[in-house]
Amino acid sequence: MIAEIGRYLVALAFLACIAQTLLSWRGADQGGRSGAARAGAAAAEIAVIAAGAAFLLLVISFIRSDFSIAYVAANSHVDKPLLYKISGAWGGHEGSMLLWCWILALFGLGLARIGPKDAALRARAVSFQGLLSTLFFAFLAFASNPFERVFPAPIRGADLNPILQDPLLAIHPPMLYVGYVGLSAAFAIAAAGLVQRSGGRALAGALRPWALGAWTSLTAGIALGAWWAYYELGWGGWWFWDPVENASFMPWLLGAALVHSAIATEKRGAFPGWTVFLALIAYVLSILGAFLVRSGVLTSVHAFALDPERGVWILGMLGVSAVAGFALFALRAGSLGEGDGFEPTSREAFIGANNLLLAVTAGVVMVGTLYPLFVDIMGWPMISVGPPYFDASATPLLILAAALMPMAAFMPWANGGAKPGLKQMRAAFLLVPVAGVIIAFIAFGAPVLAVAAGGVGAWALCGAAMDVGVHWKAAKVRAARLAVTGRALAHAGVGFIALGGAADASRPPDIHRALAPGESMTIAGRSLTLEEVRRADGPNFMADRATIRVDGRSVVRPERRFYPAANQTTREVGLGSDLRGDIYLSVGEARTREDGVMAYEVRAAFHPLVWMLGLGAFLVVMGGGLALTARLMAGAPARARAGDGVKAAGTADAAQARAT
Amino acid sequence: MRQARKRLWMIAAGAAVLIVAAALAFTAMRDAMVFFYSPAMVAENPPPPGQRVRVGGLVVNGSVERPASGGANFTVTDGRADIRITFAGSLPDLFREGQGIVADGVFDEDARFTAQTVLAKHDESYMPPEVARALRESGYWQDGPPGTGQYAGPGAETRR
């Protein structure tokens, strides 16, 4: 019964989205305050409630282990712990698509409630969001039904893929989807603004908070995924330039460009067309990401199973969204207006450079990700493009962008020509720690790119510290202080990520050794002793747990698990962390060594300063959150300033612009 | 004048970055492009020894040997030809006989393949697209409904 109700609710949400699209469109034509506009908002509400209830029913089916539903049977098992029964609801294709759709609907409702101030623009944006939701709900209802029945119902279920049974993975997809899908709100506002012929500045102001929120969430989602890959996949890497990772990285890069260019457009009217274009393409790339992950066209370590039919659907949605967005852009970009001019040393110029570098990096990543696919379609000899390509092309561009980043905060808007006063000259001292870090990296024999990234990381940290030191006092209003702090935190986060990444790229090689209990090995100057291996079974798996003592003190316990339901073996990595970095241990199967002794294959690695990556990502997310808070507290600055240039309410950047 | 100057700056900077990025991408692509060879392709026209390539196929039942010194040796097939692979690391947990895998590495003078990485998929029913295509070309692939194509060559019945 639940399945039938769920199916009905999905269909209801689909119809509500169509109603939302049409009614809001009509409402926008009538100025945005008519009954049609209100009805469109009500339809958005119905879609949210229906999709939310459907999702809840799916979760309940998982908790009840209702294996008469094919999706539950394929992704759950009676013996699975409750948390993973629940997270199984979004652990596979259909369920995660339902979550995706629900979030789309939520953003539709969000736009209707707290969207752009201009009523007509708001109704139009709700309509576009409705269109985007309609596409995905159609996909859900007609080609990815999570409530499909299976007959006869299996007794036990196939189990969620064991490597997905992890607390981090339970929250990674929702974060990621809020990011991916949140970019749809920026798309909807941008498209609506083009239809309404809104000016570029007002439009940038309207879409900026949505872009900022989505991008921050996307950052958190990607960071959680990288962290999970680091300790769960057991290969010791956190970023593989895998197509699935690239699929999330491309919208992230463009989202990062967007949250910066939207500032320049909102404050100064600079590059309005570019900002709107970014808002459109960032979401299109989100859909492209969904296509790459879900169609199985690329060889990837985390691909969903091959399903060409799904791919065709997603390509269709990609096509409709892209054609609608870009056609509007081509027709109406002229109405966005031109900003005031600026000089090459102004903040606009630096934001422009940042955007150029981020966008080009996204392009380079896209070429590397899609080229093998293109070659396959052409029927040429199949190729793969691996990490060496991305390391040599994308990484230098990102290092360059990070090198410019700290200076941007010190550039005045418009006329530029930062004339360093005596106070600012002290900044030269900051080059001392930067040089120190570079020398340290060279002394450790780091590769060239790692030396550069390390130096840039230190440079960014110093710049962020100075940004707070100089601008905090000058910012009079609370919102302005929040904005400065947010910016400095996010930029410091980038610095930490660069440092951590550089350190990890300079790590010593991994060591594989067959150890019998009682024997030791050494990595990075630390001795590892295998003390014992004993059985440690869990609720739905059998496990061998090794006890390895590091330097005679702390103990690390890697495991090797066997999940009978999925007939799959996994390794649970053991981590010994301190400030210097992580000792990373995984244990393989037992086998008889050449000398006839039973030994366990132990893989040891040392990841120096890897905590900096986590801290960096955390700071970027915090910074994004603070910037969003500051932006919401400050209201719409463009309008405030148009009225009165030096009003105290004049927001974060008005205060900053005077200060710098 | 101002607008024109601004445009000039932006266009010059944009062009410079694009050219540098294109150059970077082009050289990187030349070095990093790894060609995929099916066992049949290797038999007909082997890649030069020492060149980094990808090979793939189904792991032949009973071919996996785990020497006491660590690592593993195994054979992959596309039904027409075989490749013997030596791998020094520890095999992925999902590695199983009869499964489609892809390996990165180099051939030596004696046509033995030494793998640096072996990719087996998270999902045991997943077939790497390269392997699926190689099997289709060798005629040992049975297209089924989406996602359920399967190997249909010699020994198919023993592979589950």
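Guide: Let's start with A:Ser198, which counts as buried because its relative accessibility is 11%; buried means under 20% relative accessible area, exposed over 50%, and partly exposed in between, using a 1.4 Å probe and protein chains only. Keep in mind that this is a predicted model, where local features need pLDDT of at least 70, side-chain atom pairs count only at pLDDT 80 or more, and totals for chains, interfaces and linings use all residues. Side-chain values use heavy atoms, with hydrogens and water left out, residues are numbered from 1 along each chain as its sequence is written, and chains are lettered from A and ligands numbered from 1 in the order in which they are written.

So where does A:Ser198 sit? You'll find A:Ser198 in the loop between H7 and H8 of chain A. (Helices are DSSP runs of H or I with at least four residues, strands are runs of E with at least two, and both are numbered from the N terminus.) Leaving out residues up to four places away in sequence, A:Ser198 touches A:Leu121, A:Gly193, A:Leu203, A:Ser335 and A:Leu336; contact here means heavy atoms within 4.5 Å.

Now step back to H7(A), residues 167–196. Its 30 residues should span 44 Å at 1.5 Å a residue, and the end C-alpha atoms are 45 Å apart, which agrees; the expected span is 1.5 Å times one less than the number of residues. Of those 30 residues, 24 are buried, so H7(A) is largely enclosed by the rest of the structure. At its start, a side-chain oxygen of A:Asp166 comes to within 2.9 Å of the backbone nitrogen of A:Leu168. After H7(A) comes A:Arg197, with a positive phi near 55°.

On to the sheet. The open sheet has four strands in the order E2-E11-E10-E9 (chain A), paired antiparallel; two strands pair if DSSP finds at least two bridges between them. Strands E2 (511–515) and E9 (574–578) of chain A are the edges, each pairing on one side only. From one strand to the next, the twist averages 25°. Helix H8 (residues 200–232) of chain A packs on this sheet, touching E9, E10 and E11 of chain A, and its direction makes about 40° with that of E10(A). For such angles, axes are lines fitted to C-alpha atoms, for helices over the stretch in contact, and angles run from 0 to 180 degrees between N-to-C directions. Five bridges join E9(A) to E10 of chain A, and A:Gly576 has A:Ile583 in E10(A) as its bridge partner.

Key: Polar contact = N/O pair within 3.5 Å; in protein donor to acceptor, adjacent residues only side chain to side chain.
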